[in-house]
Amino acid sequence: MITIPVYELLLLPEVTFFFKKDMFPEGRIKEQNIGEEILFVLQEISMENIFPVGVMGIIENIDEEGSVKITTRKRVQVTRVEYTDGMVQAEAVDLPDIQDISPEEEKEKFDKIKKELMDFAKGFQWGVWVRSMIYHWKSYPEAVSALAGYMSLSWEEKYHMIEVDSRKERMHLMEEAVYELMEIFRVSEEAETAQKNSNEKVYR
């Protein structure tokens, strides 16, 4: 098992990620590691300590361009961390979710937000490109992971989304984050339009 410390990266379970090979320490990810488990330990802001909850995944593939395909599978409780020659090695045990929301309800909530995002994207110049991306999303964690870079979430908020045991509460946190992002884009677009209209009046 390979251990990789990460910071600021929202790694939700049950999502497939594609990373550039140079994101990892040199020589840590090789062809022979395909099929091997990878443990992401999440660092605190100080970079000196590791949060107690991490994410376990599996290395699915490494393509010719060096892109590493990793699917996160489950949350884990980090039980031991060692630092050797500048490298981190950790051990962990499974941390099961509290199944307090049915798969059917999760799907219903995701289908709803997916439709709202598709409709929302229509109002922007970049809408065509974004809608094609949204179309391929199959779950809330996948959607939020893809949008995380545009969200105004602190590292503590991202970590809380990972550490919370309740699937229902995690769903609620993801919903809040997506709706907040949509509101930010909406307000920004309205302000930009108002500024543009104001400038046009000045030059008339």
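1. Burial first: I call a residue buried under 20% relative accessible area, exposed over 50%, and partly exposed in between (1.4 Å probe, protein chains only). Keep in mind that this is a predicted model, where local features need pLDDT of at least 70, side-chain atom pairs count only at pLDDT 80 or more, and totals for chains, interfaces and linings use all residues. Residues are numbered from 1 along each chain as its sequence is written, and side-chain values use heavy atoms, with hydrogens and water left out.

2. Helix H2 covers residues 127-135, and Gly127, Val130 and Ile134 are buried in it. (Helices are DSSP runs of H or I, at least four residues; strands are runs of E, at least two; both are numbered from the N terminus.) Those buried residues fall within an arc of 70° seen down the axis of H2, so they line one face of the helix; the arc is taken from the directions from the helix axis to the C-beta atoms. Val128, Trp129 and Tyr135 are exposed on the other side of H2. Helix H1 (103-121) is included in what covers the buried residues of H2.

3. On to the cores. A nonpolar core here is a set of buried Ala, Val, Leu, Ile, Met, Phe, Trp, Tyr and Cys residues joined through side-chain atoms within 4.5 Å. The largest one has 52 residues, and Phe24, Ile38, Phe40, Val144 and Met161 have the most contacts inside it. Helix H5 (residues 167-202) supplies the largest share of this core, 7 residues. There is also a second, separate core of 8 residues, Met56, Val78, Val88 and Ala90 among them.

4. Val144 deserves a click. Neighbours within four places in sequence aside, Val144 is in contact (heavy atoms within 4.5 Å) with Leu10, Leu12, Met151, Met161, Met174 and Val178.

5. Now the pocket. On a 1 Å grid over the protein atoms alone, a pocket is an open set of points with protein on both sides within 12 Å along at least five of seven lines, while a cavity is a set where a 1.4 Å probe fits but cannot get out; lining residues have an atom within 4 Å of a point. The largest pocket has a volume of about 270 Å³, volume being the space filled by probe spheres set on the points, which are joined across faces, edges and corners. Of its 15 lining residues, Val15, Thr16, Phe17, Ser145 and Ala146 are the closest to the centre.

6. Last, the cavity. The largest has a volume of about 30 Å³, and Met151, Ser152, Leu153, Ala177, Glu180, Leu181 and Ile184 line it.
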